[in-house]
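User: I would like to go through this model by question and answer, beginning with the overall fold and moving on to single residues.

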Amino acid sequence: MKLLDKANQLIKKMEECIANPIKPNESARIKVGVDLGTANIVITVLKDDDTPVIARIYPADVVRDGIVVDYIAAVEILRKLKQEIESLINVRLDTAATAIPPGIIPGNVRVIKNVVEGAGFAVSNVVDEPVAASRVLGIKDGAVVDIGGGTTGISVLRDGVAVYSADEPTGGRHMTLVIAGGLGVTYEEAEKIKLDKSKHDIVFPMARPVVEKMSSIILKHIQGFDVETIYLVGGTSCLDGIENIVESYTGKRVVKPYNPLLVTPIGIAIGA
Ligand code: ATP
């Protein structure tokens, strides 16, 4: 539990830095992570000793199933975020690490790299998303399940290396569609309702079958591996109580860090 305390402190600190960025010394080496997701583009900046500096989360529909579908918009958004951060912290962002979801094909890795380079970064490293998350969580073994917007990445780690990875086309978008259908509202309205904590009593019963389906998918993938603990990361894991459904459905111990949305993006910068 001590290790997760450390991870939670790091994530909380990064949340504070989103509101109040730290201005590093101009000559200080900084580490930058770029996460191109199906729901959000996230840039995270750390000092050399991995203390948070700033992060920016930008909702964007430029990636689907790990594939960049709107290259020009992706580059443009990233370039703007880079400029915004540079002017806020007064340091140039020259190099960045980026990450690839589990199971991506080599051609798509190249496209992700091209987007980051197109925005003006030299790419220092391309890391596996679950490995990035494991660095923040301080773990070497277990299943890292990243429930994002459009996809759920399931990876089994052994000694810090992903020995099995899969990416499934289910995530927060799927949950929002179910809520929209259930309440007879638009997708955009349903997304707002889903994120509104005061509407949790309405949202949770509708989200439950989606999470149970996700849990059955998780179980299918980790069967055959000696997994004791499932670590939940990704924005959809922020839903209050999701961990209880996954735990009771899979029968595995489930650990959910503070603000799971920030875990992989911070881990990408750690690997820069
Ligand atoms: P992917 O992993 O599919 O590429 P992504 O990395 O862009 O997607 P994240 O940024 O990890 O995705 O998560 C975005 C998703 O998390 C969205 O669907 C959003 O609605 C959902 N989300 C964020 N906060 C919450 C919350 N408190 N409750 C439920 N869902 C949430």
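**Fold, cores and selected residues**

Analyst: The protein chain has nine helices and 12 strands. The model is a predicted one.

User: What radius of gyration does the protein chain have, against that of a compact globule?

Analyst: A compact globule with 272 residues would have a radius of gyration near 19 Å. The C-alpha atoms fill a box of roughly 50 × 45 × 35 Å along the principal axes.

User: What share of contacts between residues at least 6 apart in sequence joins residues at least 24 apart?

Analyst: Contact here means heavy atoms within 4.5 Å. Counting pairs at least 6 apart in sequence, the share that joins residues at least 24 apart is 65%.

User: Which element gives the most residues to the largest nonpolar core?

Analyst: This core has 32 residues, and Ile 43, Val 45, Leu 78, Ile 89 and Phe 121 touch the most other members. Two or more residues come from each of strands E1 (30–36), E2 (40–47), E3 (52–59) and E6 (95–100), and from helices H2 (71–89) and H3 (106–118). With seven residues, the element that gives the most is H2.

User: How many residues are in the other core, the one that includes Met 175?

Analyst: This core lies apart from the largest one. Its members include Met 175, Val 227, Ile 230 and Leu 232, and the number of residues is 28.

User: Which residues is Ile 89 in contact with, leaving aside neighbours within four places in sequence?

Analyst: Ile 89 is one of the residues that touch the most other members of the largest core. Beyond its sequence neighbours, Ile 89 is in contact with Pro 21, Ile 22, Lys 23, Pro 24, Ile 30, Val 45, Val 53 and Ile 54.

User: Is Asp 201 buried or exposed?

Analyst: Asp 201 lies in helix H7 (residues 200–222). Exposed means over 50% relative accessible area. Asp 201 has 70%, and therefore counts as exposed.

User: Is Ser 215 buried or exposed?

Analyst: Ser 215 also lies in helix H7. Not counting residues up to four places away in sequence, Ser 215 touches Ile 245, Val 246, Tyr 249 and Thr 250. The cut-off for buried is under 20% relative accessible area. Ser 215 is at 0%, so it counts as buried.

User: How many residues of helix H4 are buried?

Analyst: The buried residues of H4 are Glu 129, Pro 130, Val 131, Ala 132, Ala 133, Ser 134, Val 136 and Leu 137. Gly 138, with a positive phi near 70°, follows the helix. H4 (residues 129–137) is mostly covered, and its buried count is eight of nine.

User: Why is helix H9 described as largely enclosed by the rest of the structure?

Analyst: H9 spans residues 263–270. Its buried residues are Val 263, Thr 264, Pro 265, Ile 266, Gly 267, Ile 268, Ala 269 and Ile 270. H9 is largely enclosed because the number of its residues that are buried is eight of eight.

User: Where is Asp 50, which has a positive phi although it is not a glycine?

Analyst: The phi of Asp 50 is about 70°. At 24% relative accessibility, Asp 50 is partly exposed. Its place is the loop between E2 and E3.

User: Where is Asn 90 found?

Analyst: Asn 90 is not a glycine, yet its phi is positive, at about 60°. Asn 90 is found in the loop between H2 and E6.

Conventions:
Residues numbered from 1 in each chain as written. Predicted model: local features only at pLDDT ≥ 70, side-chain atom pairs only at ≥ 80, totals over all residues. Heavy atoms only, no water. Helix = DSSP H or I, 4+ residues; strand = E, 2+ residues; numbered from the N terminus. Rg over C-alpha atoms; globule rule 2.2 N^0.38 Å. Core = buried A, V, L, I, M, F, W, Y, C linked by side-chain atoms within 4.5 Å. Buried < 20%, exposed > 50% of the residue type's maximum accessible area, 1.4 Å probe, protein only.
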